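Here is a short report on one protein chain. It covers the fold, the backbone and the charged pairs.

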Amino acid sequence: MFISFEGIDGSGKSTQARLLADALRAQGLSVLEVREPGGTRLGEEIRALLLDPGQDVDPRAELLLFSAARAHLVASTIAPSLEAGEVVIADRFFDSSTVYQGAGRGIANPRWLHSLHEFATSGLSPSRTYLVDVPADVAAARRSPEADRMEAAGQEFYQTVRAAYLDLARAEPNRVLVVDGMPAPEAVHTLILSDASRLLAGG
């Protein structure tokens with residue numbers, strides 16, 4: 001099964017992805033954790049470029065670099081692991097590009113982005129996406145004061161991105177589950193683990 005976690009920077013999604021992976025391993029499952037961009041040598045090098053505050057990256061180049069890292073991650077790591085029967089948990093996947101570059105940067109319409117995602121992933125889509133949702137101001141307070149290039153985009157940008165995430169969840173309710181990220185991490189994890197366990201059991 002392929003599971004992804006989404007949310008604006010500071011939402012707590014990375015913490016929840018790690019907690020779920022640990023819990024499923026404790027149940028005896030083989031779990032692969034990956035992050036976007038990253039997860040491969042090429043992806044980590046692209047990540048360093050994209051997050052470098054000293055880089056001035058054109059929004060179109062930003063989108064294509066994210067997609068390139070994703071394509072390589074799917075082909076070299078995610079797809080083989082799924083074929084081997086592992087559970088793959090991704091900290092971000094193509095939904096991030098839809099909302100950050102599509103809505104946040106305003107550079108592509110959803111139909112075109114959908115085609116790009118299909119090409120980059122060979123049609124692979126998560127079985128379940130957990131959208132860990134918190135208000136933009138709460139996420140900002142949680143983030144490190146030393147912001148990377150993406151985190152430095154500002155409150156208006158993150159408000160747009162959050163709204164786009166919620167629109168996406170309304171459009172794909174069977175895949176995207178919105179999880180309130182405001183309670184304690186343990187409480188959020190309990191909800192996610194219950195849902196993931198049900199799905200893994202075939203429910």
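Which side chains meet in a salt bridge at 2.9 Å, N to O? They are those of Glu-62 and Arg-105. A salt bridge here is a side-chain nitrogen of Lys or Arg within 4 Å of a carboxyl oxygen of Asp or Glu. This pair links distant parts of the chain: Glu-62 sits in helix α3 (residues 59–83), Arg-105 in the loop between α4 and α5, 43 residues apart.

The model is predicted, so local features need pLDDT of at least 70 and side-chain atom pairs count only at pLDDT 80 or more, while totals for chains, interfaces and linings use all residues. Residues are numbered from 1 along each chain as its sequence is written, and side-chain values use heavy atoms, with hydrogens and water left out.

**Fold**

The chain has eight helices and five strands. Helices (H or I, at least four residues) and strands (E, at least two) are DSSP runs, numbered from the N terminus. Their order along the sequence is β-α-β-α-α-β-α-α-β-α-α-β-α.

The radius of gyration, taken over C-alpha atoms, is 16 Å; a compact globule of 203 residues would have a value near 17 Å, so the two agree. That globule rule is 2.2 Å times the number of residues to the power 0.38. Along the principal axes, the C-alpha atoms fill a box of roughly 45 × 35 × 30 Å.

Contact means heavy atoms within 4.5 Å. Among contacts between residues at least 6 apart in sequence, 79% join residues at least 24 apart.

**Surface and burial**

The accessible surface comes to about 9600 Å², and 54% of it belongs to carbon and sulfur atoms. Areas come from the Shrake-Rupley method with a 1.4 Å probe. Of the 203 residues, 46% count as buried. Buried means under 20% relative accessible area, exposed over 50%, and partly exposed in between.

**Backbone**

A cis peptide bond joins Glu-36 and Pro-37, with omega about -15°. Pro-37 lies in the loop between β2 (31–35) and α2 (41–51).

Arg-92 has a positive phi near 85°, though it is not a glycine. Its place is the loop between β3 (87–91) and α4 (94–104). Ser-122, also not a glycine, has a positive phi of about 55°. Ser-122 lies in the loop between α5 (110–121) and β4 (128–133). Arg-92 is buried at 9% relative accessibility, whereas Ser-122 is exposed at 69%.

**Charges and salt bridges**

There are 19 positive and 27 negative side chains, and the centres of the two sets lie 2 Å apart. Lys and Arg count as positive and Asp and Glu as negative; His and the chain ends are not counted. The salt bridge count is 17. Three of these pairs follow.

| Pair | N to O distance |
|---|---|
| Glu-6 and Arg-92 | 3.7 Å |
| Glu-62 and Arg-105 | 2.9 Å |
| Arg-198 and Asp-195 | 2.8 Å |

Arg-198 and Asp-195 both lie in helix α8 (residues 185–200), three residues apart, about one turn of the helix. Arg-198 is partly exposed at 38%, while Asp-195 is buried at 10%. Elsewhere, salt bridges that share partners join Glu-6, Asp-9 and Arg-92 into one network.

Glu-6 and Arg-92 are both buried. Arg-105 is partly exposed at 25%.

Notes: Buried means under 20% relative accessible area, exposed over 50%, partly exposed in between (1.4 Å probe, protein chains only). The place of a charge is taken as NZ of Lys, CZ of Arg, CG of Asp or CD of Glu.
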